[in-house]
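Hi,

Here is the structure I promised to pass on. Have a look at it first, and my notes follow below.

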Amino acid sequence: MRDILKSDEVFSSRKFLSDRVNFNIMFRLMQYEGALIKAYEESIIAIQTAPDKAMWIWNERDAEIFALQKAAELVENRLNEFGFIDVQCKKELAEVLKRRLAGFITACGGSNAYACRKVNIINAPGYMDRARTDEANILAVYVSQMDEDIYGNIVNPRSLLPKMGKWINDPDFYIWRDEDTSITAMAKMNYTDGGMVRINNVFTRRDKRGRGFAPALVSRLCDKAIKEGLLPMLYADSEYPSSNRAYQKIGFTKEGYTAKISLKK
């Protein structure tokens, strides 16, 4: 595996761009200062921004086992160096990792990648809006709940207040207010190279779920992106069929799947 720069021609190869939706996040990760970026010929690309962040590894279709072993060797080296690593990759590399590092696997899962080329606007009571500065506290509570729901982490909302201040001032952060003007859902848009915009941090207040607030918000963000000539996409946990169905109703179609493997020594 060789070190490469974000300007390397491998990122503009037809093989890689054919998976541009499924591996959209790589366009974002390569922008981080000091990110680890490696490749093996044009068959493998690996990016990790920090040891505590997931390593994303792309491989071309029908990659030879030797190339997959090279990627697995990189993962093993990082595991030995730091004692833990999370990996997002295609199924074929996941199978190699499961065989090679079976004794260190602590969790397995996966994400579906979706793209929306034609949006169905979802209606719900309320309207899309921007958050106010005085709403930082309530947003911090929601984000702490999101961390707990997704990752099982218990986070003190007060520790999130600086982050919420940045989100409120971010022009790509949106909320949905219901009829009494309270915040019921939120989402962010992340613009990346490759003509795409990734929608993430989608969350609905726990006591307001099942009423279509988040789908209403996401559908309008998709409409906004499409009108700007961009392709909206997002990742959805494959273990939550209800959220996957909700995105499909908006107009998202599945473009790919990545396995997630957590390893610890």
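To start with, are Phe11 and Phe16 buried or exposed? Phe11 is buried, and Phe16 is too; buried stands for under 20% relative accessible area, exposed for over 50% and partly exposed for in between, with a 1.4 Å probe and protein chains only.

Before going on, a word on how to read this: it is a predicted model, where local features need pLDDT of at least 70, side-chain atom pairs count only at pLDDT 80 or more, and totals for chains, interfaces and linings use all residues. Residues are numbered from 1 along each chain as its sequence is written, and side-chain values use heavy atoms, leaving out hydrogens and water.

**Rings**

Rings of Phe, Tyr and Trp (its six-membered ring) pair if their centres lie within 6.5 Å; planes under 30 degrees apart are stacked, over 60 edge-to-face and the rest tilted. That rule gives nine aromatic pairs. One of them is Phe11 with Phe16, edge-to-face at 5.7 Å centre to centre and 75° between the planes. Tyr247 and Phe252 have ring centres 5.9 Å apart and planes at 75°, so they are edge-to-face. Tyr247 is buried at 12% relative accessible area, and Phe252 is buried at 3%. Ring pairs also join Phe11, Phe16, Phe27 and Trp58 into a cluster.

**Cores**

A nonpolar core here is a set of buried Ala, Val, Leu, Ile, Met, Phe, Trp, Tyr and Cys residues joined through side-chain atoms within 4.5 Å. The largest has 25 residues, and Met55, Ile57, Val75, Val87, Leu93, Leu97 and Leu263 have the most contacts inside it. Among the elements giving it two or more residues are helix H3 (65-82), helix H4 (91-100) and strand E12 (252-264); helices (H or I, at least four residues) and strands (E, at least two) are DSSP runs, numbered from the N terminus. H3 gives the largest share of this core, seven residues. Apart from this core lies another, of 24 residues, including Ala124, Met189, Ile199 and Tyr247.

**Helix H8**

Which residues of helix H8 (residues 241-250) are buried? Asn244, Tyr247 and Ile250 are. Among what covers the buried residues of H8 are strand E6 (105-116), helix H7 (213-227) and E12. After H8 comes Gly251, with a positive phi near 125°.

Cheers

Definitions and conventions. Contact = heavy atoms within 4.5 Å.
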